Amino acid sequence: MPKASGPGRRPDPALSNAKYRQRAARYDLELLPFEPVRTEAIALLDVRTGDTVVDVGCGTGLSFGPLVGRVGAAGRIVGVDPSPEMMALARQRVAQRGWSGIALLEATAGEAPLQGRADAALFLFTHDVLRDPDALDHVIAHLKPGAHVVAAGLQWAPPWMLPANLFVLGAAMYSVTCMEGLEQPWTMLAKRLRDLKVQTRGFGGIYIVSGRVPGAAPAGESH
Ligand SMILES: C[S@@+](CC[C@H](N)C(=O)[O-])C[C@H]1O[C@@H](n2cnc3c(N)ncnc32)[C@H](O)[C@@H]1O
């Protein structure tokens, strides 16, 4: 299994912003091969019409369309991302589609001025956030008891899956600032959620995990 190299051992939001400043204009095209993962992760999210979902590290808003499809016009999506260039494209997408239920917070997940408690959260291709315990605590503090959380992204495949791991190494060097935890990127999330389910795809190089915020959903609100 490759050792940590290149990016550091801890998430670095300033370095991340520099990466996505360069990358924003071509990001949507680069993500095309990963759209099946997005589709599957969002389909897994246990939400209903009218629910509020926090899209953590929302980037250019590639998940907004499918999320609007899940929560409907009465639902709300809160997109959080610190990259000005990625957020500019997210804002443009929202304006072009005329979505009125989407709020965009240009901030790190740990510092975003989240209001109230949402019904669900999505962490898609957000390794840096998943390895930041303060960011996870902040987001989870703004989710209802029983809220559903889905995360998906790249991880080290088993060591004998060399081509998959070479791909993960290249993608990680390109996309994240923290190589720590790529064996199981969801471990910090696992400590904060109940009913964790882990699935893998792509020869083990892709994870999709889901779980719930501890505590029971209020009566009549269980999904
Ligand atoms: C690979 S992109 C994923 C974007 C989007 N979730 C998607 O599925 O297309 C990673 C995103 O995480 C954002 N990011 C990096 N550090 C972050 C942090 N501390 N809090 C929130 N978002 C962060 C980056 O700006 C970037 O837009």
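**Chatting through the strands and helices**

Modeller: One thing to start with: in the hairpin of β6 and β7, G202 takes a positive phi near 55°. Four residues lie between the two strands there. Keep in mind that this is a predicted model.

Colleague: Thanks! In what sense do β6 and β7 pair, and over how many bridges?

Modeller: They pair in the antiparallel sense, over six bridges. Strand β6 covers residues 194-201, and its T200 stands opposite Y207 in β7.

Colleague: And what about β5 and β7, how do they pair?

Modeller: Strand β5, residues 143-154, pairs with β7 in the antiparallel sense too, over seven bridges. On that side, G153 stands opposite Y207.

Colleague: Is β7 largely enclosed or open, and why?

Modeller: Seven of the seven residues of β7, which spans 206-212, are buried, so the strand is largely enclosed by the rest of the structure.

Colleague: Which of its residues point which way?

Modeller: I206, I208, S210 and R212 point one way, while Y207, V209 and G211 point the other way, and all are buried. In a regular strand, side chains alternate between the two faces of the sheet.

Colleague: Zooming out, what is the strand order in the sheet?

Modeller: Seven strands form an open sheet, ordered β3-β2-β1-β4-β5-β7-β6, with mixed pairing. The edge strands are β3 (102-105) and β6, each of which pairs on one side only. Neighbouring strands are turned by 15° against each other on average, ignoring direction.

Colleague: Let's go to the β3 end. What does β2 do with β3?

Modeller: Strand β2, residues 76-80, pairs with β3 in the parallel sense over four bridges. V78 stands opposite A103 of β3.

Colleague: Which helix lies across those two?

Modeller: That is α4, residues 84-97, which lies across β2 and β3 and runs at about 165° to β3.

Colleague: Switching to helix pairs: how do α2 and α3 sit against each other?

Modeller: The axes of α2 (residues 35-44) and α3 (residues 64-71) come within 10 Å and cross at roughly 25°. That angle is under 35 degrees, so α2 is roughly parallel to α3. The crossing of α2 past α3 is right-handed.

Colleague: Which residues make the contact?

Modeller: I42, A43 and L44 come from α2, and P66, L67 and R70 come from α3. By class, the contact has five nonpolar residues, no polar ones and one charged.

Colleague: Now α1 and α7. What are the angle and the axis distance there?

Modeller: The axes of α1 (residues 13-30) and α7 (residues 162-175) come within 11 Å and cross at roughly 130°. The two helices are therefore oblique to each other. The contact is made by K19, Y20, R23, R26 and E30 of α1 with M173, Y174 and S175 of α7. Those residues divide into three nonpolar, one polar and four charged.

Colleague: Last one: where is V176 found, and is V176 buried or exposed?

Modeller: V176 is in the loop between α7 and α8, the latter being 187-190. Its relative accessible area is 9%, so V176 is buried, the cut-off being under 20%.

Colleague: What does V176 touch?

Modeller: Leaving out residues up to four places away in sequence, V176 touches P7, K19, H127 and D128. K19 is also one of the α1 residues in the contact with α7. V176 and P13 are 163 residues apart in sequence, yet their C-alpha atoms are 9.7 Å apart in space.

Terms used. Residues are numbered from 1 along each chain as its sequence is written. This is a predicted model: local features need pLDDT of at least 70, side-chain atom pairs count only at pLDDT 80 or more; totals for chains, interfaces and linings use all residues. Side-chain values use heavy atoms; hydrogens and water are left out. Buried means under 20% relative accessible area, exposed over 50%, partly exposed in between (1.4 Å probe, protein chains only). Two strands pair if DSSP finds at least two bridges between them. Axes are lines fitted to C-alpha atoms, for helices over the stretch in contact, and angles run from 0 to 180 degrees between N-to-C directions. Contact means heavy atoms within 4.5 Å. Angles under 35 degrees count as roughly parallel, over 145 as roughly antiparallel, 65 to 115 as roughly perpendicular and the rest as oblique. A crossing is left-handed if the near helix is turned anticlockwise from the far one by less than a right angle, and right-handed if clockwise. Ala, Val, Leu, Ile, Met, Phe, Trp, Tyr, Cys and Pro count as nonpolar, Asp, Glu, Lys and Arg as charged, and the others, Gly among them, as polar.
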